[in-house]
Amino acid sequence: MKRLTVFSLTFAPLLWLTAVAYGRDVTQQAEKLQQAKILQQANDQEANVMVATGSFEVTLGPQTEDSVSAGRMLINKAYVGDLEASGSGQMLSKRVDGGAAVYSAIEEVSGTLVGKEGAFTLFHVGTISAEGTANLSISIVEGSGTGQLKGIRGELAIRQEGAAHFYELQYSF
């Protein structure tokens, strides 16, 4: 009986450490497999990303409310090109002394995208620093696609040249 106790006290911790180490290896292997699976799914989605391009005209209609210092505007757009659609929404914006500014907007887009009819919602967030550094993010709201655009997801980029506006929509289903 004493031998078993000595064995247990001497080797049990080693066996436990081996089991823990082995368990970690198994856990790490499972985590690596999960990460590889996620990466593969992302690559598959990127492989299915399509690009639509064109131009749009925008009309902004200021809304006034004296009790709020932020600006509010109604947005109306007419998209032409791969996206033949109308967009309407609202924008809130704020410029501060020194030149920094922010804006956010929600825009409902309805029409056809490369022949597929439906609608989706865009969410805009833009900032500009006092030094003039601008950041803009416009994304399709997850789950907002309807009709043949159901399941659409993606990002919209805007380019302005003088008074002309152009878009590039990277999207997938």
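Buried means under 20% relative accessible area, exposed means over 50%, and partly exposed lies in between, using a 1.4 Å probe and protein chains only. This is a predicted model, in which local features need pLDDT of at least 70, side-chain atom pairs count only at pLDDT 80 or more, and totals for chains, interfaces and linings use all residues. Residues are numbered from 1 along each chain as its sequence is written, and side-chain values use heavy atoms, without hydrogens and water.

Start with the charged pairs. Side chains of opposite charge can pair when their charged atoms come close. A salt bridge here is a side-chain nitrogen of Lys or Arg within 4 Å of a carboxyl oxygen of Asp or Glu. The whole structure holds two.

One joins Lys 77 to Glu 107, with the closest N and O atoms 3.2 Å apart. This pair links distant parts of the chain: Lys 77 sits in strand 2 (residues 71-81), and Glu 107, 30 residues away, in strand 4 (residues 101-113). Strands are DSSP runs of E, at least two residues, numbered from the N terminus. Lys 77 is buried at 9%. Glu 107 is buried too, at 0%.

The other joins Arg 159 and Glu 161, at 2.8 Å from N to O. Arg 159 is partly exposed at 44%, and Glu 161 is partly exposed at 45%.

Now look at strand 9. Two strands pair if DSSP finds at least two bridges between them. Strand 1 (residues 50-63) runs antiparallel to strand 9 (residues 164-172), joined by seven bridges. There, Ala 52 stands opposite Leu 169. Strand 8 (residues 153-161) is also antiparallel to strand 9, with nine bridges. Gly 154 has Tyr 171 as its bridge partner. Strands 8 and 9 form a hairpin with two residues between them. In the turn, Gly 162 has a positive phi of about 65 degrees.

Key:
Helix = DSSP H or I, 4+ residues; strand = E, 2+ residues; numbered from the N terminus.
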